[in-house]
Amino acid sequence: MIYLLLITPALTLVLIVFGFPIVRYSWLSLHSYSVLTGLDVIPNTAANWVRLLNDDRFWQDAIQTIRFSTLSVSIELVLAIAIALILHQKIKRRGLVRALSLLPWALPTTIMALGWRWIFNTPYGPLENILNTIGVGTFNFLGDPRYAWLTTVIADVWKTTPFIALLLLAGLQSIPKDLYEAFKLEGGNSNQSFLRITLPLLEPYIILSLLFRIAQAFGVFDLIQVMTGGGPAGTTESLGLYAYLNAMRFLDFGYSATVMLASFILLVFYCLMLWILLSISKRIYELII
Amino acid sequence: MTLQLINISRRVKRNWIIRNLNLEVGDGECIALLGPSGCGKSSTLRIIAGLDKPTEGQLLINGKLVNNISPVDRRVGMVFQSYALFPHLSVAQNLSLGLKVRGDSLTKQKEKVSSILSIMQLDEYSERLPIQLSGGQRQRVALARALLRDPYVYLLDEPMSNLDAQLREELRPELRRLILSGDQPVVYVTHDQHEAMAMANRIAVLNNGTLEQIGTPEELYKKPSSLFVARFIGRPQINILRSSTNIIKAIRPEDIQIKAEGIRCRLLQKEWLGINQLIYLESPKGHIKVICDSRKSFSDSIYVDWDESNEHHFDAYTNKRLN
């Protein structure tokens, strides 16, 4: 019974910072609570949820959030594995290289988002300038509803890849060198040792960073707010941004809570699907390898 | 089958890890590489396996120069100190992985693995992960993997150092039966002289990357070629006698007899060891240790003596043997 006592402080903290908001949001989402109600909390059964289901902007933002998270986290993971493998090699000035590679992650998001906004600026930004000079033509990166969301993906990848790389590097360092040597003596080449030793033993670290990043990407706010403000035509707007707008601009706290809660449910559902997908692909991987 | 090291040296930056090592391990012979940590014994093993490259010298397996042959083609069966079992694979998968990457068919893999599992009495553990095994079982899996390799040479890197003393003793006969009884040369790295004496036909004592002496356990014990070997082989450690000349004289604790008269000593301490006891004495030639019958009891003054022909003499400057 003593273990219950021991986990009580941590459990209490989790309940306060995690449980309370969920309960509060659930309660709020079942009430009208906005500037129109004179900031009175009025029960409205499921009116917020009915509104949500018919809200095109919500669904567009949900799709945007999902595609943003999926694409940026996938690219980040692949790049981070490559970077972690490089940083794990015996290269000259390894400490310095490792420290430098973390720099993008250490920059405050707003600062680096401003930087990327400038890089993608039309017609004055450096990227536009380069593409013009080499004759590729003119693009309206931040203004084209088809591609604008990709610029936010690029910025997010640039910022967060080093963090995943660092996590995976820690994973690589936890794999004993002996295993590679034993495998080498058994006849394994370097590709095989990556596929049969490194990747399987890195799996827990990959799952961990996936969880971290997906939860983070689902709640993306500052990067989008600074780079595009959700535009053009709302194509880069994330659920976090929409919830913020509802609360802080439209002063509709009831509906904002509904959007927040819906995005939380979406995240749980997304992680569940991912988990199923990962288990299946792991089975297939073990079969084909 | 033989293994030959000819003038093998290895340098890392400006440090010589191994210098001019010559070693020949014959058909079915087990050589123990013995020495303190950092003496180069593990490096020697890694060079033989092909995990490290020698800076100079030649390495021959079955008379064939293998300096530039890849580790896998040298066909060595190595047991790592940590066992190096793949933690994410079951016992059976650990054993079949090598067969798989070397291209054996699935049926052949299964056949070989199940036969080795039954030889090693590991059948019931085949589906377990290494973490679910005891230390001794892990060691047997590591041995099984080396056996499966059907190697030209066995390389054992401190194979028992992670086991407790009792288990070590139990595994010795098994190791002898499985590996030492074959016709492959065996190189057995250890820092434990008891283990070296128990397992090896010959012992090579290494110190600072050079070979101090190589010989049978008996030769090393009876005629250590240097003071280093004399001190390293034999427990309790050899007594170094105080001397005013350029000759260092040493006598083993078991070669000293307690007599009614002789050199007068004062008793300092006693250690009761069961069949015998170890007594610490203060003599005119310095502190000495003596092994004697445990039933004896002593007063504070004890007279000891020894046969001078049992003394080992070493040069005080070179530390080499003189007699």
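User: How much area do chain B and chain A bury between them?

Analyst: Heads-up: this is a predicted model, where local features need pLDDT of at least 70, side-chain atom pairs count only at pLDDT 80 or more, and totals for chains, interfaces and linings use all residues. Residues are numbered from 1 along each chain as its sequence is written, chains are lettered from A and ligands numbered from 1 in the order in which they are written, and side-chain values use heavy atoms, leaving out hydrogens and water. Buried area is the accessible area (1.4 Å probe) that two parts lose on being put together, summed over both. Here 66% of it sits on carbon and sulfur atoms, and the total is about 1700 Å².

User: Which residues of chain B lose the most area to chain A?

Analyst: The contact (heavy atoms within 4.5 Å) takes 15 residues from chain A and 21 residues from chain B. Three of chain B's residues together make up 30% of what that side buries: B:Phe86, B:His88 and B:Val101.

User: Which residue of chain A forms a salt bridge with B:Arg102?

Analyst: A salt bridge is a side-chain nitrogen of Lys or Arg within 4 Å of a carboxyl oxygen of Asp or Glu, and the count between chain B and chain A is 2. For B:Arg102, the closest N and O atoms are 3.3 Å apart, and the partner is A:Glu186.

User: Which element gives the most residues to the side of chain B that touches chain A?

Analyst: Helices (H or I, at least four residues) and strands (E, at least two) are DSSP runs, numbered from the N terminus. Those giving two or more residues to that side are helix H1 (41-49), helix H2 (71-74), strand E6 (76-79) and helix H3 (91-101) of chain B. With 4 residues, the top giver is H3(B).

User: Which strands stand at the edges of the open sheet in chain B?

Analyst: The sheet has 4 strands in the order E2-E1-E4-E5, with antiparallel pairing; two strands pair if DSSP finds at least two bridges between them. An edge strand has a single partner strand, so one side of it is left without a neighbour in the sheet. That puts two strands at the edges: E2 (15-25) and E5 (64-65) of chain B.

User: Is A:Asp156 buried or exposed?

Analyst: A:Asp156 lies in helix H8 (residues 148-173) of chain A. Not counting residues up to four places away in sequence, A:Asp156 touches A:Phe68, A:Ser72, A:Glu76, A:Arg213 and A:Leu223. The cut-offs are under 20% relative accessible area for buried, over 50% for exposed and partly exposed in between (1.4 Å probe, protein chains only). Because its relative accessibility is 8%, A:Asp156 counts as buried.
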